[in-house]
Amino acid sequence: MSKNWKKDLALFLGSQAVSIFGSMLVQYAIMWHITLSANSGSVQTLYIVCGILPTFFISPFAGVWADRHDRRKLIMLSDSMIAVTTLIVAIIFLVSGEKSLVLLLAASAVRALGQGIQTPSVGAFLPQIVPQEHLTKANAFATTIQSVIMLASPLLSAALLSFASIEAIFFIDVATALAAVSILGFFLKTPPHERATRKIELSYFHDLRKGFSYIGSHAYLKFFFLYCAMFFFFAAPIAFLTPLQVARSFGGDVWRLTAIEISFSLGMMGGGLLMGTWGGFRNRVHTMAFSSFLMGAMTLALGLVPVFWIYLIFMGLTGVSMPIFNTPASVLLQEKVEPDFLGRVFGVLGMISSVMMPIGMLLFGPIADVVRIEWLLVGSGGVIALLGLFLMGNKVLASHGLPADPVGQEPSGQV
């Protein structure tokens, strides 16, 4: 690991910030263009599917690639693939003068593929450049940067669309991707991880099977992924149904819908800063459990509060809970999983995180048309809080939440 790891981390987070900013601008631009031009629930559903399924299917293979190849180059490759796709669509729009919905959906699918390739590489790359004892702060800073971008990008995207074409936003994304790739390619000189330097004769599918076998042979990973699947499933109402709840219960004013997004993003920023300074409890799993209790309580409160400004406070606290969960969850994997399997483990996490909330919506979405959303929030919030008890009571998972043991060795079991 480089002695200048702080410089390397700054370069890496800077490149990610630039890349994510451009991607978020385009994501909102496409979403709003489809919403306004098609005015169709079916087309909106297709857009969501195009943004989810490619990530789900590519994630396990992307995890194998992240364990076989230079992760820095994979991140550059995925950024470049997304940028080239965006550039082609922008040029076609300019030449034809038409904005094809089919082309936008196809571009969304390719962008989702690129994101699916990039996510496990990013998660597995951080431990290569950051000492283990600083991983919590590094992940917290990454979350804070992403939260700031989540706050700014929809506002800026809307402002740009008010006086510029969607093609102009596409070109901005191409420029930010080029900047991000240039930072990684010319300024961040990090050698590939050890396995990427070896010649591997085995097939990709052998590596894929071995990755799943690795997860199956480690009880703490099975419990971890089971918890994550349940968590994301029951988080579907608060993730997708709160705008509809606000419109039904408080009024469909645009400023109200904007306010809940801003409150959540500000909360995430605060949570990221909190984790960057506090770092959480010594046991990572206890911090995740605390987040589960907090998110469950806030979700339940959102189903009960009758005053909108108080609702915004609880929405902000919900945002605070997300980095308190995501940061120790990422660090737990980065600390405990053997480096040769880290990409594949993050690939499985990407599969779960990309598909479980949409699956939850298959249940909660139709129910929301016959049952008040407030009751769905109360019920799902209660379950999320109970999942925190599962974390606290699971001795296998809790024993692996301790940070003191070296990667690849079994923890002492002390909680």
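The sections below go through these topics in turn.

## Basis

This is a predicted model, in which local features need pLDDT of at least 70, side-chain atom pairs count only at pLDDT 80 or more, and totals for chains, interfaces and linings use all residues. Residues are numbered from 1 along each chain as its sequence is written, and side-chain values use heavy atoms, with hydrogens and water left out.

## The cavity

The structure holds 1 cavity of 30 Å³ or more. A cavity here is a set of points, on a 1 Å grid over the protein atoms alone, where a 1.4 Å probe fits but cannot get out. The largest cavity has about 30 Å³ of space. Volume is the space filled by probe spheres set on the points, with grid points joined across faces, edges and corners.

Pro60, Leu208, Gly211, Phe212, Ile215, Arg344 and Val348 line the largest cavity (lining residues have an atom within 4 Å of a point). By class, this lining has 5 nonpolar, 1 polar and 1 charged residues. Ala, Val, Leu, Ile, Met, Phe, Trp, Tyr, Cys and Pro count as nonpolar; Asp, Glu, Lys and Arg count as charged; the others, Gly among them, count as polar. Helices H7 (204-216) and H13 (342-367) each supply at least two lining residues. H7 gives the largest share, 4 residues. Helices are DSSP runs (H or I, at least four residues), numbered from the N terminus.

## Nonpolar cores

A nonpolar core is a set of buried Ala, Val, Leu, Ile, Met, Phe, Trp, Tyr and Cys residues joined through side-chain atoms within 4.5 Å. Buried means under 20% relative accessible area (1.4 Å probe, protein chains only). The largest core has 60 residues, and Leu221, Phe224, Phe225, Tyr311, Leu333 and Val337 touch the most other members. Helix H8 (residues 219-234) provides the largest share of this core, 11 residues.

Phe225 touches Ile215, Val345, Val348, Leu349 and Ile352, leaving aside residues up to four places away in sequence (contact means heavy atoms within 4.5 Å). A second, separate core has 19 residues, including Ile34, Tyr47, Ala107 and Leu160.

## Cysteines

The disulfide count is 0. A disulfide is a pair of cysteine sulfur atoms within 2.5 Å. Cys50 is buried, at 18% relative accessible area. Cys228 is buried too, at 1%.

## Leu402

Leu402 lies in the segment after helix H15 (395-399). Leu402 counts as buried because its relative accessibility is 6%. Leu402 and Leu46 are 356 residues apart in sequence and 43 Å apart in space, C-alpha to C-alpha.

Definitions and conventions: 1 Å grid on protein atoms, 1.4 Å probe; cavity = no way out; pocket = protein on both sides within 12 Å on 5 of 7 lines; lining within 4 Å. Buried < 20%, exposed > 50% of the residue type's maximum accessible area, 1.4 Å probe, protein only.
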